[in-house]
Amino acid sequence: MVINNSHEQITSIPKAEVADLDFYYGSFHALKGINMTLPEHSVTALIGPSGCGKTTFLRCFNRMHDLYPGNRYEGSIWLDKDTNILGRKVDPIEVRMRISMVFQRPNPFPKSIYENVAYGLRVRGENNRRLMDEKIEDALRVSALWDEVKDRLNESAYNLSGGQQQRLCIARALVADPEIVLFDEPTSALDPIATASIEELMSTLKDRVTILIVTHSMQQAARISDHTAFMYLGELIEFGRTKDVFNKPLNQQTEDYISGRIG
Amino acid sequence: MAQTTLKSRSRQIYKPKLARQVKEKVIEFILFLAAFSSVATTVAILYILIKESFLFFQEVPIVDFLTGTKWTPLFVNPQYGILPLLSGTLMSAGVALAVAIPMGTIAAIYLSEFATKRVREIAKPALELLAAIPTVVYGYFALLYVTPFLQNFFPKLPGFNILAAGLVMGLMIIPFISSISEDAMSAVPVGLREGSYAMGATKLQTALKVVFSAAISGISSSYILGTSRAVGETMIVAIAAGLRPNLTWNPFDQAATITAFIVQVSLGDLPHGTIAYQTIFAAGLTLVLMTLLLNIIGHFLAKTYREIY
Ligand SMILES: Nc1ncnc2c1ncn2[C@@H]1O[C@H](COP(=O)(O)OP(=O)(O)OP(=O)(O)O)[C@@H](O)[C@H]1O
Ligand SMILES: [Mg+2]
């Protein structure tokens, strides 16, 4: 199938470039020949019907699939044009230090609020309390959580509400100055108010990081993203500026999905 | 219409109300009996222990019992200080736990976080087999192999000693700790592990900083269980640590434990009703109270650190 997915040239600098990416869960071919760029300092949304491979694609960026046996990548994802994330000699831990992730369900550790955010610094061997305090306050501020938790940093993270826990996970993902943050449906387990506060965050975050976000909600993609990629059955069908993809989709499948006919 | 079909259908499927209720009641009663019998047994044991100890404490002041440093109930001039037996019990349990807690924890971390599926499938049952060996075999192993082996390094080590008994007892307790800890660690949700890896953590960091602390409730109950086992263990210490009450904090000495004393007295034929006979109930009550205390601590720990991920 010839896929016409080239909208108007995307002008911003690419932070990452995906080239001929294929991915296999054992013998199951989950991602098929994906080519895409991830523009720097912007929010890119991944949309598509359930099971099309959005999560699978996202987890290639931080080599999460390495954790399980039988998974195989082909092709490359170039970070800053010089490092192939999927390269054999590249250490997945170094990739994850540069590219962090926020999961679908809030997954704070059974530790205090402070220690949850500190985790990313601790695994890097950071021990300087002053520096950690500073970075943790900064990360909590950016995640719009500081005012709510500044007086109870030593309380268990499980005392927080679901939305607060998810913002804590965002703070945790931001604390060590990553270059890209991956979000896998970060609001699907949250109520509308908590969702709104996280959506609000996105636009401020992109000054610091490049964002790739999977979302099931077309409205959410339209509200928060600069670019949108539509996937279907493991293929990237269409990619372009969000307003272009939503207003004048080039592909029939994209149009059907956006208008609610498939998915 | 839908309602009527549903009603008539349910009349066909379900038995008449009365028969159903009688059956439920009968089953409920059987279940109650099963639960009640175990509670009743526990209560009966406690009752006997307390009653007989009460008789004992009418003859021997409780203060003497708790603070006396000599335990010689079978001598002409008997003395009833529990401290020598207590020191034997605590020392042998201490040596055992010094082996079992680190080894059991390391085994659990390895099996749950590092071992491949194949290795785990073989190693786990093999480890659990350690718990299936009769303790009398461990006792002879300690007496006939471990002690002579240790004597190569410590020539003055007596034939009966706390060290060998404790070491072997530790070996026996490892599977109790590793198996429960491993279950607790395996039950930690994948999401927490992935959260840690996604932050750039290594396998070891993930295992120690996230999985271990998430499973701490199960792990600490395994330690408590191991401690109860060590305090209550009888055969190994009776065979390898000797039967002479000895107030000592030196693992290279010999010393009887509470359990070893109870075995020794129960085996000899002492006339009922004598004080010497009553001592085993007082000693037994002390043991029960110690394990009860451990269980309460364990319960408390499990509550404070309950898994809430
Ligand atoms: N661990 C796995 N092993 C084998 N197949 C998998 C595995 N995980 C996902 N798949 C398959 O890969 C395909 C893509 O799954 P993926 O989870 O990436 O979809 P998704 O787009 O994120 O869906 P959703 O919107 O429901 O989250 C699906 O067909 C799924 O069944
Ligand atoms: Mg998904």
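**Exercise 1: Nonpolar cores**

The largest nonpolar core has 53 residues, and B:Trp71, B:Leu85, B:Met169, B:Ile173, B:Ile236, B:Ile258 and B:Phe261 have the most contacts inside it. This is a predicted model, in which local features need pLDDT of at least 70 and side-chain atom pairs count only at pLDDT 80 or more, while totals for chains, interfaces and linings use all residues. Residues are numbered from 1 along each chain as its sequence is written, chains are lettered from A and ligands numbered from 1 in the order in which they are written, and side-chain values use heavy atoms, with hydrogens and water left out.

Solution. 
1. A nonpolar core is a set of buried Ala, Val, Leu, Ile, Met, Phe, Trp, Tyr and Cys residues joined through side-chain atoms within 4.5 Å; buried means under 20% relative accessible area (1.4 Å probe, protein chains only).
2. The helices of chain B that each supply at least two residues of this core include α2 (17-59), α7 (162-186) and α13 (275-304). Helices here are DSSP runs (H or I, at least four residues), and strands are runs of E with at least two, numbered from the N terminus.

**Exercise 2: A residue in a strand**

Task: decide whether A:Ser76 counts as buried or exposed.

Solution. 
1. Locate A:Ser76 in strand β4 (residues 71-79) of chain A.
2. A:Ser76 counts as buried because its relative accessibility is 12%.
3. Leaving aside neighbours within four places in sequence, A:Ser76 is in contact (heavy atoms within 4.5 Å) with A:Glu17, A:Val18, A:Ala19, A:Asn84 and A:Leu86.
4. The side chains of A:Ser76 and A:Trp78 are joined by a polar contact of 3.3 Å. Such a contact is a pair of N or O atoms within 3.5 Å; within protein, one must be able to donate a hydrogen and the other to accept it, and residues adjacent in sequence count only if both atoms are side-chain atoms.

**Exercise 3: The ligand**

Task: find which residue has a polar side-chain atom 2.5 Å from an oxygen atom of ligand 1.

Solution. 
1. The residues around ligand 1 (a heavy atom within 4 Å) include A:Tyr25, A:Ser50, A:Lys54 and A:His216.

Notes
Buried < 20%, exposed > 50% of the residue type's maximum accessible area, 1.4 Å probe, protein only.
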